[in-house]
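This report goes through one protein model, taking its strands, helices and salt bridges in turn. Please keep the sequence and the structure in view while reading.

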Amino acid sequence: MSHVSQASVTTPDGEPTPLVPTTYGEVKGWFSAYDQVLFDWFLTRQNSGEGQPGDLLELGAFMGKSAIFLGRYLRPGEEFTVCDLFDSPATDDFNVAENRSSYPTLTRRGFETNYLAFHEALPTLIQAPTSVVADQVKPASCRFVHVDASHLYEHVVTDIASSRLVATPDAVVVFDDYRSEHCPGVAAAVWTAVVTGELHPICVSASKLYATWGDPEPHQAALRAWLEERTDLWHGVDVIDGRPMVRIGDQGVVAPEPPQPLHPRRGRNRRRPPLRPAPARSPLAQAGQGPAPARDHPRDRRPQPPPQGLTPSLPLIRGIQHAIPTPRAPSRPCWAPHPLTCWSARDSADQHNGVRRRMPHHGPDSTPDHGPDSTPDHRPDSTPDHRPDATPESGRRVSLWLWTSLGLFAACVPCALLVVEKLGSALSPVPLVLAVLAALAGYVLAVRAVAGEWFGQRPGRSRMLLWSAATVLFLGSVAVLLVFRPPPPPLARMSGALDVAVAGFAAESGRQDRQVLDDVAVTFAHDMAARISTATGVRSYAGEAPLPLAQLADAPGGALEHKTARFADETNAEIVVGGLVREDRAGQITLRPAVYIRADQIPDSPELTGWFLGEPVLVARGWESARARAQLTGELTRRIDALTQFVDALDTWRNGSPADAGRTLTALLDAEQRHNDRGFVPPDLVRLFHGHVLEDQASGESGPSRERLLEQARSDYLAIGPDSPTGRRAALSLQGNAYRRAIGPTHSCKPGTVRAAELAQVSKALRVLAADHGMTELGRLKAHVNLAQVEQCRITARAVKDDGTVERAVATVRTAPDLTGASDLRAFAESIAAVNAAGRGDPAAAVDRIRAAIAQGQDPLQRAIWHGLLASWSFELCDVATGRTAQQDALTQLAAAQQAGRADSALVRRNEEAFAAELRRAEERCGKADRTDRTDRTGRTGNTDKER
């Protein structure tokens, strides 16, 4: 059975001449870059070496995009056959509906024009249903078959059977739309053939299934070896009923060199002269009307003059064009469902591009004459409308009203979203932004269409005013949405002393199911509430808290820290916990619990505020196993005990009981060392605070006990490695420890009481830490404050002269950004600057600086000391009233510290006695000075009277 070549046909004379594409990209169709790469690989492999003999076949061509691509691989002596209905009538109602909805602009002439722009001759064309292919193509003759025809199940089953009959044993058969949601018939037919064992898949892309009726293993082996060398295509292997299948996806692949036009043109979309009509009929007509005449060779076609009487004169065309307004409409196929709308859009586009339609010429009483050989145009968008009022102007009015309605609807979308939210349906930011962008796109299209219809022939100022008004209208609608949008509902606030807020868990790679992570967080909160003290409240905020927990994998700081601080304040949670989920390539999942340390929990170390990741927990069976999730939440709940002990120790230390806090932290370290008992809090963080607590205890001791406590704290700092998240902070604490050891038990920097060499080493190390950008910004500020403190001590001890280091360090802290905990550091820096000014003999400047410290400090014990210094320097200036008030404020702060457990009654009593004695001395000294001053003024007055 031989191939049957069908000659070209001519579409009706009323149809415009198709545009000739000048690049492959101008040919309409759906052909992805990596499917082009796969076509190229299969066909090149067939053509390489000895090659695989056989022809090429395509069922379903549309405008010829894939056919043009396939035609490049046709070898001498082979035949390329293309079968499509094109603009012929379908054989059943379902196919008619499919063609009308999906291919309203498809014509054979459009296909031929596109194909001949890239190839010298047309392929063998069968303009008929694909069911005739088995009768028209020689059996077992095709090495490559591309099936992209009807999407109806019955038709696809026939196409599959036809492809088996015409394919060679090792042929590659490609099925399009095997998984698309709008083509369930294709999926059902193709996978049925696979399941029955007849069709053997080789590989699949997002839109095409590549298969063979023979053995797929040689194809797959070569394909996998080729894919291993490519980085722009990912691939994996699935097993279906014991048979492997390669899955292929796009990772930035670039399409192969596209087919090049035979005659490149400088201008775009020039029109090809009309093809000479051929007498051949389609195989549908051949069934009852004898053999088809031989087709003309494409090279023998020459432009033919139009039939007499069908082309109006050029002046008449120009007169019609000048008489009808020519709005600026985009040149694209018409997809509108209404025939009048299609007429208007298509004619507007052609007029804009300078296209002159061939119009029938009639006498005043004649009827339109389409010529003896003309055939009706079956495209839905060119179906004639026989209504008496069917005029282009009415079509324009319908189009204008449709576009205007779309524009008004799009402009009202933001306000409609506001109404939705006002009614209580909160919208997340992503859908909200997508809805506004979609409305904006429709709005721009609508305004553009209206501007073309009404303002196409008006001055540019009119169009500019229209666009300006449209822009103001849409922006005003969006502004209404943003201004009047209701705020998000507040988070539930807890009222306990040690309440725990579970912020949720985040996936590091973003591949985990968000709902599963939220469910784990809720279960964890529930189990934790049953395990810890009843006085502690536990609540899960998973799904409510807008915390970007995925940033736990990044460097500390940033948006996560600021948002967590606001979250902790809003919920009043003492403890905030979360976690980071990670899945490796093998599919194993680990969870790293994390805890947030609040600034008010560590007033002496505000630079440590932030998130800290604990030791990872392995999820052995994955999230899918309920038992694995239960084991995970059980392990997290067990670890929460250590966390509550840690937070309780910080609270105890903050309330003035460093010895009790030290015992709790020591127990946590012992449990970690002896039983490898891991908790939410990293061991290095526990060691760091254990050292701080020991130093706080040492401040109230003297002699050997003080030295022993400082040495134990030093050991804690040295046990923290430099690569630990707290490593740099431990280095800073180590220098603070060395400073305490260098000034001795008197806590004084008087000459002869300090170790000057050790202070010099501390100062040098602090300069390095202050310039270390590996530390947090708050950590560097702490290093500057400590440097100012050490340098002031060296100046007081007369070990060095004041070279301005103290003032420069204080200025750095003073101008730093407003970070969490920075106010306490600024207060301490101002107090050092006050001491420095007093040492220079400038008590007025010292008073100003100590007032600044009092205004920013929050610790009552520290504020009591600063009020005492203010009183002393005020007395030095003989400002007794200010000094007396400062002493009263100092005693008030001491009483608050005593109530908080930070000071005892003996300390309060000693300060009361000291203040009373200082006040008496100041009154006596300043009183004598006042009397002496009055006597001097009186003497000067008497001498002046005598002179008079």
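Strand 10, residues 500–507, is mostly covered, with 8 of its 8 residues buried. The model described here is predicted.

Strand 10 pairs with strand 11 (residues 538–540) in the parallel sense, over 3 bridges. Within that pairing, Val-502 has Ser-540 of strand 11 as its bridge partner. Strand 10 also pairs with strand 12 (residues 575–583), again in the parallel sense, and here there are 7 bridges. On this side, Ala-507 has Val-581 of strand 12 as its bridge partner.

Strand 1 runs parallel to strand 4 (residues 142–147), and 5 bridges join the two. Leu-59 stands opposite Val-147 of strand 4. Strand 1 also pairs with strand 2 (residues 80–84) in the parallel sense, over 4 bridges. Val-82 in strand 2 is the bridge partner of Glu-58. Between strand 1 and strand 2 the chain passes through helix 2 (residues 65–71), and this β-α-β crossover is right-handed.

## Helix 1

Buried residues in helix 1 include Tyr-34, Asp-35, Gln-36, Val-37 and Leu-38. Phe-39, Trp-41, Phe-42, Leu-43 and Gln-46 are buried in this helix too.

## Salt bridges

How many salt bridges does a search of the whole structure find? The search finds 23. One of them joins the side chains of Arg-143 and Glu-78, at 2.9 Å from N to O. Arg-143 lies in strand 4 and Glu-78 in the loop between helix 2 and strand 2, so the pair ties together parts that are 65 residues apart in sequence. Both Arg-143 and Glu-78 are buried.

Glu-112 and Arg-108 form another salt bridge, with their closest N and O atoms 3.0 Å apart. These residues are 4 residues apart in helix 4 (residues 108–116), so about one helical turn separates them. Glu-112 has a relative accessible area of 0% and is therefore buried. Arg-108, with a relative accessible area of 2%, is buried as well.

## A link between helices, and a network

Arg-740 forms a salt bridge with Glu-695, and the closest N and O atoms are 3.2 Å apart. The pair links distant parts of the chain: Arg-740 is in helix 21 (residues 727–743) and Glu-695 is in helix 19 (residues 683–698), 45 residues apart. Are these residues buried or partly exposed? Arg-740 counts as partly exposed because its relative accessibility is 33%, whereas Glu-695, at 7%, counts as buried.

Salt bridges also link Glu-807, Arg-814, Glu-830 and Arg-849 in a network.

## A nonpolar patch and a contact

Val-430, Val-433, Leu-434, Leu-437, Leu-440, Val-444 and Trp-467 make a nonpolar surface patch of about 610 Å². Helix 13 (residues 429–455) gives the largest share of the patch, with 6 residues. Leu-440 has its place in helix 13. Its relative accessible area is 35%, so Leu-440 is partly exposed.

Ser-477 is found in helix 14 (residues 460–484). This residue counts as buried because its relative accessibility is 5%, and buried means under 20%. The C-alpha atoms of Ser-477 and Pro-414 are separated by 5.8 Å, although the two residues are 63 residues apart along the chain.

Key
Residues numbered from 1 in each chain as written. Predicted model: local features only at pLDDT ≥ 70, side-chain atom pairs only at ≥ 80, totals over all residues. Heavy atoms only, no water. Pairing = 2+ DSSP bridges. Right-handed = clockwise from strand over helix to strand, strands pointing away. Buried < 20%, exposed > 50% of the residue type's maximum accessible area, 1.4 Å probe, protein only. Patch = residues over 30% accessible without salt bridge, like charges linked within 9 Å, V, L, I, M, F, W, Y side chains within 5 Å. Areas by Shrake-Rupley, 256 points an atom, 1.4 Å probe, with all protein chains shown as cover. Salt bridge = Lys/Arg side-chain N within 4 Å of Asp/Glu carboxyl O.
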